[in-house]
Every structure is written in C-alpha cells, then in structure tokens.
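User: Hello! I am new to reading protein models. Could you walk me through this one?

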Amino acid sequence: MTIRDAVLCLWRLFALPSVHFSLGFLTLGGFIAGVVFWGGFNTALEATNKEAFCISCHEMRDNPYEELKQTIHFTNRSGVRASCPDCHVPHQWTDKIARKMQASKEVWGKIFGTIDTREKFLDKRRELAEHEWARLKSNNSLECRNCHSADSMDITKQNPRAAKMHETYLFTGQNTCIDCHKGIAHHLPDMQGIEPGWSMKTSQK
Amino acid sequence: MKTRFLIAALALLAGIPAMTIGVTSGVVAADKPVVIADATGTVGGIKVPSANHPITTDVPAEATHREITDDQKRVRNYADQPPLIPHAIRDYQIDLNINKCLTCHDRRNTAGSQAPMLSVTHFQDRDGQTLGTVAARRYFCTQCHVPQTDAQPIVPNSFQDFDSVLGHAQGGQK
C-alpha cells in the first residue's frame, strides 16, 4: 500500500506542469543536458574502445598483447596494424553496444581475478577462444572483413596454394575466415578435437 | 711512484711480442686457403657480419634475407634429406597445444589441404614400431625441415650429389 502511494505521489509530481521554470528554459536546458549526456557517454565508450584501455589491465597486457606483438597483425611490411578493438569489438553501433554489454562480464572477471595469473589464463584459454570463434563464426567473420574484403582479394597475387583454398572454401561461402585462420593473432589453446577448416566434417553453413 | 713506472714499462714490453704475433698471424691467415675472415671482415669479397671488428665500433646489422615462398618443391641432394619447406611458416605454432604443420600435412587432413603427407617414417617410434599417429620424436617439424632464404652461402660448398660422384649425372640436376 505504502509503495503504491509513494509511486503515485512521484507520478503526480512528474506530471505536474512547471510552475517556476519557463518552457524555453526547460526545452533548451533539456537539449543542452542531452547533448552533454550523450557526448559524455560516447566519449566514455570510445575511451574503452582503445588499445591503451585494453592493455591497462595486466591480464591483457601480459598475455594476448604480448602474443599479438609477434604476429603479422602487429608488425609487417606495410606498417598497417590491427589493434585490439579492430578485431574484438564490432564497428557498427548496435552490435558494439551489445558487445559492450557482454563485456561487463569481463569487468566482473577483472574484479574477482578470474584470469589474474598466467596459469589461470592458460586454463581458461580454450573457453575464451571458443567464445571468440563462435562470435566470428556467427557474424561471418565480420571483423576480419572490415579490412580483408573477399571482393578486393586478388587471388592471382596469392600463392597457388592459398588461392586454391580461397576459391574452394571462401568464395563458395562454405567456410568463413575464422574456420581456417584460427590463432593468427594469438597463441592457440589445446586444439584437441578441433578440426582445421579444410578438414571440417561440418563446414556446411 | 717509481714502482708504478716500472710496472707500466714491463706491461708495455710484454705487449710488444703479442702485437707482433697478432700482425704476423693476420698475414698468415690471409695467405692460407682456409677461409677465415681477414682484418677487413670479408670472406671472398663478401662482408661477414661476425668478422673481427674493434669492439668499440657499432657495426650496423646485416639486412635480413627474404624467405623463398614460391611453393616449388626443391630437389633433395640425397635421398634421406628432409625436404625443404617452400612456403612461409611465420607464426606457426608447434607446441603441446597444437602443431600447425600437421593441420595440413597429417594423414587425416591431406584430403582437404592437398598437402603432401608426412612420410611413413614419421609414424615409427625409435624401436621401429608403427604408431597410429605421429611419433613423439618426429613432432617438432622444424628440427629437420626448414624454409630457405635468398641468402648466398658465405662459405663455398663443394658438395656433390651421388649421381655426379658416380659420373652418370643426367640433365636436370644442379
């Protein structure tokens, strides 16, 4: 009864026309407050979408980032490099927000030290990797394709071996990037029971 | 004070024979056909990065050589030679978790990859027992199989293969 009264009281207050403030102040003030809120939200979101933010935790700095530094996605002939969010955060807004909400679990993990030692990280690595494989498989390797477009791929410039594989599996839509290119930016976990893309029994998709 | 001068003079005297020997041995090394880097740091006109430089000078690193990744099989110099790797193997992981080479070259995966299968010797343990999978002693591929670069040998190689030694070399060999 009391809760209902309290809610009703609040609603009446909310529904009351303004007595002291002008309509202009309220609309303009609301507009400015909205701009400030949205700007702040977006800035905070962008700040968490930087590599510097990712490797501000030792879990990421000492494990996946150290491994990335060896690979072609970090150092190569043309000097173009991928940073963490390029591959791990979708670029489109709605997908990005969905991923960010998922990532709140990672904040939980950070607070409770789920992978705060090398051993814990290695033990959990298969599970973490499986999450990423599943995500890239379900969105047809979208984050790969943000840079590597199949349309722009000139297979005459590839090794015959690579060209044949892409013709057989990629251009036919039978496989997506992650089916064959696992572990290109980080070390692989124990791969027991995981078939390579070109030998997968269930590569129909 | 006097003793210090004496010690310094003795040290200088002791140094003279060492210096003369150093000079003469340098000359001898240059005369000999044995390939030793001479004082200019070259062997047969090729600059050797590890030759004798004064320790105080900074010697710029040699440019690294390009890998040969043309997918062309190279002829083996003798029947037992481990075949060379004609493709890039950068970042290939070979450890307890996974052997990246085997994802193509293992018996089970060659249908999809069309890569040559490991030879049967790789399925035998040291007692000659044939196993169902790659023997542990053959697991680390790059112990024997290596990619090549376009580097030229700094020491000449006079190796001749079997056919050239027997004198019935046919066309097509090196």
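Analyst: Let's begin with the radius of gyration, which is taken over C-alpha atoms; the globule rule is 2.2 Å times the number of residues to the power 0.38. This is a predicted model, in which local features need pLDDT of at least 70 and side-chain atom pairs count only at pLDDT 80 or more, while totals for chains, interfaces and linings use all residues. Residues are numbered from 1 along each chain as its sequence is written, and chains are lettered from A and ligands numbered from 1 in the order in which they are written.

User: What radius of gyration does chain A have?

Analyst: Chain A has 24 Å, whereas a compact globule of 205 residues would be near 17 Å. The C-alpha atoms of chain A fill a box of roughly 75 × 40 × 35 Å along the principal axes.

User: How many helices and strands does chain A have?

Analyst: Helices (H or I, at least four residues) and strands (E, at least two) are DSSP runs, numbered from the N terminus. Chain A has 12 helices and 0 strands.

User: Where is confidence lowest in chain B?

Analyst: The predictor's confidence in each residue is pLDDT, from 0 to 100. In chain B the lowest mean is 52, in helix 1 (residues 2–31) of chain B, and the highest is 94, in helix 2 (residues 102–105) of chain B. Chain B averages a pLDDT of 78. Where pLDDT is low, the predicted coordinates should not be read in detail.
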